[in-house]
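This report covers a surface patch, a pocket, charged pairs and some backbone details, in that order.

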Amino acid sequence: MRNLSLNTLTLLLLLVVGFVLRVTLPSRMAVEHFDEGVYASNLYSDHIGFEYPDRQYYAPPLLPAIFEWVMVFTGASSHAVMWVNVVFGTGLIFAVWWTTKELLQTSTPISTPASAKWDLVAVIQQGASLSAAAMVACGDFFIQYSRAALTDIPVTFWMVSAVGCGARALRTGSWKWSAASAMLTSCAWWTKYNGWLPLAILGAGLAGWLVLTQLGRSSLSGASLLATPPEKKKGSNRSQSSGTVSGWQPVVLFAAIALGAFLLWVPCLNSLQATGGYAAVAKNHQGYLVGWSGWGESVSKHVFVNWYYSNLPTICGLFIAIVIPFQRGTYIDSYLQLQNRPLFFGGPILLFGAMISVVIAGLLPLLLVLTTIAFVFWKKHVNASLRELEAPAAGNLDAANAPALRTLPLGMWILLAWILGLLLTTPLYRPYPRLILPLLTALVMGAAIGVSVLVSVLRGWRGATIGQRPLKELSVPIILKMVPLTASIFVSVVPTVVTLNRTVFLPALQDRTGFVSVTSEVLAAIEKDLEVHQKSELSNIDCVIYVLAEPGLYYQLAARENEGLKYISQPASDLGMLSSGKVDGKVPAYLVTGMHAQKEIEQLDLEFNRILEVTTLDFTPSDLVLLDDMTPRELSNHRDQKVRLWRINRDH
C-alpha cells in the first residue's frame, strides 16, 4: 500500500508540474500558425459555412469542432482554444504513464504467488512508467505543442491511449478493452488522417510476436499461453494470473479493433465525398512526401530541431526520470541489505553522461541509445536473471512456462514495431517538426524502460534475489543520498548550458502573440485610411478585409469584428478578389498579406492600377512557425517579417 501511495503521489506531482509548465505565461499563447488558423476558425466563419475554406485537406473535423464548442461555451473567447491542448498535453502525461505500465505487463501464466518474475518486472515497470511521465511532463517539445492549437498533441494522446488499450485487450482477451481501443483509434483518425497508426502498431507488434517467438508460434498452434491481468492478494505485493487466452483469440481481437475503428471513421470518410472524397485528400498529401531521396535530410532536421528544444526543462525532466528508479531501488537495496554493487560509479556516470549528451546532441540521440538498451538488456538481464527459476529446485515456475522467460513480452514487441515503423517512415515526409511527436513519445517510453532496466543492472538485482521476500518501502533518507549527486550534476551541467546560451531563451515559452499586435495595427491603419478615402455606402459595414494565405491572421481579425470598426474578414487563397466585379464597389475592400504570400506579393507590385499599398508592418513570427520551413541555424535571418496592407480599387 505504501508503494502504491508513493507511486500515486509521484504521478500526481508530475501531472501538476506538467500542467504548470504548460500554462506558464499564458498571455504569450495565441493562434498564429497557419494550421492553427484553419482549425480554430469555425465559429468566426459563419458567413462561409462555419469552417475555413478547404479545411478538409488539412485535418478531419474533430478538433475544429472541439475548438468551436469550447468557444461557444466561453463566449467566443479567442484565447479559449489555446487551453484545449493544455488539457490534452497534461492528459498525455497520464496516458504515457499508463501505457508504459501496460506494455510491460507480463503475459506468462505464473503458477505460484511467490514468483520472482512478477517482483522484478514490477520494479522495472513502476520505475519506467513514472520515468516516461517525467520526460513528457518536462520536455520542451511536448510543452511547446501543448501550447499550440494544432492536431499533433491530441492525436498523440489518442494514439498512445489506443495502443495501451489494444495491448491490454490482446494480452487479456478482453472485448471491453478491444472496444476502448477501437473508439480511441477512431478518435485519432477523426483528429488527423494518420490516426489509423495504432492499428499498424498493434498489428505489426502482434505479428512479430506470433511469428518470431516460440511462445507466439505455440499460441498459433493452439496452446493457451497468454495470461489475463494479474490479481493481487490482499496484503501482498505479488501477483498471480487469473486465467488464460486461447491461441488465436488475440488475432480475432485485433481484427475486431481494426473493424470497429474503421466503422467508426466511416462517417468522416463519407463527409469527404462532396469535395472529391479521400482521393482528393491523399493527392494533396502527396505534395508533402520527400521520399527516400530526402530521408537523410529530413532526419538531420528533426535531430537538429530536437536539439534546439532540449533546454533546461528537458534536462530537468531527464534528471527526474533517472532519479525515480534509483529512488525506488534504494528502498529495495536497504530492505534486502544488498551491498557492493557497481552503483557507486555507475549511477553518477549514467546521470552525468545523460545530462551532457542532451546538452551536446539533444534528447533524441540519447532516447535512441536508452531504447536500444531497453530491448538488449531485457533479453540479457531480465530474462537471464529468471532462467535460474526454470530449475525444478527453484519451485517458482512450471517447466512448461520456461519459453516465456526467453522472449520479450507482447507489449515490448508492440513498442518495438511502433519505434521501428515510425523511425523508417516519419522522415519520408517533409520535416515539419511536429510530425515526430508520435515517434518521440514511443522513444520516451522505450528510453524510460531502458533507464529502469539499466538501474536494475547497476544494482545487481536478480530474479531470485528480489523474490526472496515481499518488497516494501522503508523510511530511508533518500534526499540525503541524492543531494550530493544532484549538486554534482548541476554544478557540472548548468555552466555548460549557460555557455551555450540556452537557458536565457526557451522556445517552448516564446511569445506567440505577434498577430494579435499586428491586428491592432492593421485596424488602426484602415480606420486612418477610411478617413481620407471614400467611405462605405452601406450603414452596417465599413469595409471588407481579405486575408491572403494567413489563416492565423484571419483568425485574429475575425475575432475582433464586433469591436469598433465594422468589417467582414474573408480568407483568400489567391488574388481572385482583384478580378473585375469580385469586389462590391459600395464597400471599401482591403487585402492583407504576410510571409506565406511571397509569390502573390510580386504580382501585386505590378497591379498598381487595381491595388495600392497602404502600409507595411513589422511582424516577428515565433520559432514554431519558422521551423516548419527552416532549421534552427537559419532562424536569426528570418525573424523580421512584414505584413502588408493594400487597398483594392473599387469597381463602379
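## Nonpolar surface patch

Val16, Phe19, Val20 and Trp83 make a nonpolar surface patch of about 340 Å². Patches are built from residues with over 30% relative accessible area and no salt bridge, with like charges joined within 9 Å and nonpolar side chains (Val, Leu, Ile, Met, Phe, Trp, Tyr) within 5 Å. Accessible areas come from the Shrake-Rupley method with a 1.4 Å probe, and for residues only the protein chains shown count as cover.

Helix H1 (residues 2-23) gives the largest share of the nonpolar patch, three residues. Helices (H or I, at least four residues) and strands (E, at least two) are DSSP runs, numbered from the N terminus. Val20 is in helix H1 and counts as partly exposed because its relative accessibility is 44%; buried means under 20% relative accessible area, exposed over 50%, and partly exposed in between (1.4 Å probe, protein chains only).

## Basis of the model

The model is predicted: local features need pLDDT of at least 70, side-chain atom pairs count only at pLDDT 80 or more, and totals for chains, interfaces and linings use all residues. Residues are numbered from 1 along each chain as its sequence is written, and side-chain values use heavy atoms, with hydrogens and water left out.

## Largest pocket

The largest pocket has a volume of about 1,300 Å³. On a 1 Å grid over the protein atoms alone, a pocket is an open set of points with protein on both sides within 12 Å along at least five of seven lines, whereas a cavity is a set of points where a 1.4 Å probe fits but cannot get out; lining residues have an atom within 4 Å of a point. Grid points are joined across faces, edges and corners, and the volume is the space filled by probe spheres set on the points.

The lining of the largest pocket has 41 residues, of which His285, Tyr288, Tyr429, Tyr432 and Leu435 lie nearest its centre. Elements that give two or more residues to this lining include helix H7 (152-172), helix H12 (277-286) and helix H18 (437-458). By class, the lining residues are 24 nonpolar, nine polar and eight charged. Here Ala, Val, Leu, Ile, Met, Phe, Trp, Tyr, Cys and Pro count as nonpolar, Asp, Glu, Lys and Arg as charged, and the others, Gly among them, as polar.

## Salt bridges

The structure holds 15 salt bridges, each a side-chain nitrogen of Lys or Arg within 4 Å of a carboxyl oxygen of Asp or Glu. In one of them, Glu51 pairs with Arg55, with the closest N and O atoms 3.1 Å apart. Glu51 is partly exposed at 26% relative accessible area, while Arg55 is buried at 9%.

Arg168 and Glu102 also form a salt bridge (3.6 Å, N to O). This pair links helix H7 and helix H4 (residues 82-103), its members being 66 residues apart. In the salt bridge between Arg647 and Asp529, the closest N and O atoms are 3.0 Å apart. Arg647 lies in strand E9 (residues 641-648) and Asp529 in helix H21 (residues 514-532), so this pair ties together parts 118 residues apart in sequence. Arg647 is buried at 15%, and Asp529 is buried at 9%.

## Backbone details

Asp54 is not a glycine, yet has a positive phi of about 60 degrees. Asp54 sits in the loop between H2 and helix H3 (62-73) and is partly exposed at 41%. Ala76, also not a glycine, has a positive phi of about 60 degrees and is placed in the loop between H3 and H4.
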